[in-house]
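Student: I have a new structure to look at, and I would like to learn how to read it. Could we go through it together, one question at a time?

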Amino acid sequence: MENDTIVAISTPIGSGGIGIIKISGKNALSIATSIFKRSSHRIRNTETSVPKQRAHSPLPIEGLASDLEKDSISSGLTFCTACDEELQSHLLYHGNIINPENEKPIDEVLLSVMKAPHSYTREDVVEINVHSGLVVLRTIIDLVLSKGARLAEPGEFTKRAFLNGRIDLTQAEAVIDLINAKSSKALEIANSQAGGELRFYMQNIIKTLTEILVKIDAAIDFPDDVEMLDINTAICTIERDIIKTLKKLIADYDEGHVLREGLRVVIAGRPNVGKSSLMNQLLKKEHAIVTSFPGTTRDILEETLIISGIHTIITDTAGLHDSDDPVEMIGMKKTREKIKDADIILFMVDAVTPFIKADYDIYESIKGRPLILVINKIDLVSENCEIKTIDELKMLPVARISALYNIGMDSLKEKIKNIFKNKTSFYSSNVIPNVRQKKALEKSIDSVELFVNGLQSGLSFEVVSIDLKDAIESLREVIGLKIKDDILDQIFGQFCIGK
Ligand SMILES: Nc1nc2c(ncn2[C@@H]2O[C@H](COP(=O)(O)OP(=O)(O)OP(=O)(O)O)[C@@H](O)[C@H]2O)c(=O)[nH]1
Ligand SMILES: [Mg+2]
């Protein structure tokens, strides 16, 4: 476990009233003490405002020292009489960050101390509230680094909270979601996950499966001495409770992930139908290159935007058609991968030459998925021109647009919104696994089903217990009890620095 001392700016970079520098690790306090000079007269303490037993509870940070100074007496702040004492945990100190080389103050700050284990990381943590401004923040960070700390990596504070047992992995991931929440529902979901709801489900299932495994192991080792496993009851519990719950969680992901991650809308079609033009029109900027040459877009392009109030990730793709050009083939492979993960596919055709063989080939590969048929370039055909196609395609929601001249965009957005609503309106669960958790859940279902099939077909306990162990391992993986370092790095790498 890492035990060096880390530092980062915890607030967004840019101009603002207050910036927070966070230090965590065994030297956090000594580093802070070496660069911080307390003001001679005051600590804000709570004795005048809260009952005695809460005197050391965390204090709200209301503003910087100068504001505190003005309001100190009227707001009931009390004066410190022992200012040379060691910094106490969960108190807020007023003072200055001093450059130790010339003793000159760098900034007037409020400094709070949270001693291990009563901190976010379960290590000693110091937070310094400084006047936000890049130069001040950088100067203080440099000073802390010169005292032996190192810059924190993205998510490292939360990673330490996880490694030190303060939170489990589902909660750590919920912290990312809280930071990234794009809607009030997403925030609700992240909050319940941060509270440990998914972990609660997992722990119960792991407990039940472990009890079955213990009986199986005992029956293998001491066949004559132990009470036999009631196979029918075990199968019934697994099928009725466990598989059902796991499948529900996966269905929750499929239905609910748009609430936490956004709606994935992929524009697909053959070359030159106007996919990139639509992307640009939706984004209201020249993002994708548009030319009259088929095959202009070689790679996928992704952007986020709000469509009718919905957080959307829109993807422009390389045109799909028969080609043996190696670059195009790579682009088309990526297109197909994106299509696989899409929540909505905007299947685009050209109003002038609709439904040639290449269009039908594409349709064959995407039918059954949530599609909107987008007929583009309607500015080039007469208004009432009927587009002939097979009945199946006529059943799809259709948007007639001109991406170039911004015609029909509202109707297209309305259709996207309708599909989103159908997907989410009955959605009430507050526990939505993320992709990583979903994959582990799927693995666990496979193993549990193999175990049940094995039991039903009379395989030996030695054989079926392997599947049961695999299932338990996958469930442990969901809450991070068995997870490799590189996966951890990937998870915490998604955080911003300072969290
Ligand atoms: N008249 C008209 N031309 C359009 C419209 N949309 C796109 N175009 C033109 O069609 C050509 C191809 O447009 P793109 O947006 O590059 O088409 P694409 O589907 O991204 O093409 P690839 O990247 O090659 O697959 C360009 O010359 C666009 O100006 C439209 O609504 N009306
Ligand atoms: Mg293009």
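**Reading the fold step by step**

Tutor: Let's start with one strand: β8 is mostly covered, with six of its seven residues buried. Keep in mind that this is a predicted model.

Student: How many helices and strands does the protein chain have, and what percentage of its residues count as buried?

Tutor: The protein chain has 16 helices and 13 strands. Its length is 499 residues. The part of them that counts as buried is 37%.

Student: In what order do the strands of the open sheet come?

Tutor: This open sheet has six strands, and their pairing is mixed. Its edge strands, each pairing on one side only, are β9 (301–307) and β13 (398–400). On average, neighbouring strands are turned by 25° against each other, direction ignored. The order is β9-β10-β8-β11-β12-β13.

Student: Do β9 and β10 run parallel or antiparallel?

Tutor: Seven bridges join β9 to β10 (residues 310–316). As an example, I307 stands opposite I310 in β10. The two strands run antiparallel.

Student: Which residues have the most contacts inside the largest nonpolar core?

Tutor: That core has 107 residues, and helix α7 (residues 197–221) gives the most to it, with nine residues. One of the residues to look at is V374, which is in contact with L346, F347, M348, A399, I401 and L412, leaving aside its neighbours within four places in sequence. Those with the most contacts inside the core are I23, L346, F347 and V374.

Student: Which residues are closest to ligand 1?

Tutor: Ligand 1 is surrounded by 22 residues. By class, seven of them are nonpolar, twelve polar and three charged. Helix α9 (residues 275–283) provides the largest share of this shell, three residues. The closest are G274, S276, T297, G319 and L404.

Student: Why does L404 count as partly exposed?

Tutor: First, find L404 in the loop between β13 and α13 (409–424). Leaving aside its neighbours within four places in sequence, L404 is in contact with S277 and D379. A residue is buried with 20 or more C-beta neighbours within 10 Å and exposed with 12 or fewer. L404 has 16 such neighbours, so it counts as partly exposed.

Student: What distance separates the C-alpha atoms of L404 and D379?

Tutor: Along the chain, these two residues are 25 residues apart.

Student: Which two residues does a cis peptide bond join?

Tutor: Look in the loop between β5 (104–114) and β6 (125–131), where P117 is found. The omega of this bond is about 0°. The bond joins A116 and P117.

Student: What is the phi of E103, and is this residue buried or exposed?

Tutor: E103 is found in the loop between β4 (92–99) and β5. Its phi is positive, about 65°, although E103 is not a glycine. Because it has 8 C-beta neighbours inside 10 Å, E103 counts as exposed.

Student: Where does R122 lie, and why does it count as partly exposed?

Tutor: R122 lies in the loop between β5 and β6. Its phi is near 65°, a positive value in a residue other than glycine. R122 has 18 C-beta neighbours inside 10 Å, so it counts as partly exposed.

Methods
Residues are numbered from 1 along each chain as its sequence is written. Chains are lettered from A and ligands numbered from 1 in the order in which they are written. This is a predicted model: local features need pLDDT of at least 70, side-chain atom pairs count only at pLDDT 80 or more; totals for chains, interfaces and linings use all residues. A residue is near a molecule or strand if its C-beta atom, placed from the backbone, lies within 6 Å of it. Helices (H or I, at least four residues) and strands (E, at least two) are DSSP runs, numbered from the N terminus. Ala, Val, Leu, Ile, Met, Phe, Trp, Tyr, Cys and Pro count as nonpolar, Asp, Glu, Lys and Arg as charged, and the others, Gly among them, as polar. A nonpolar core is a set of buried Ala, Val, Leu, Ile, Met, Phe, Trp, Tyr and Cys residues joined through C-beta atoms within 7 Å. Two residues are in contact if their C-beta atoms, placed from the backbone, lie within 7 Å. Two strands pair if DSSP finds at least two bridges between them. Axes are lines fitted to C-alpha atoms, for helices over the stretch in contact, and angles run from 0 to 180 degrees between N-to-C directions.
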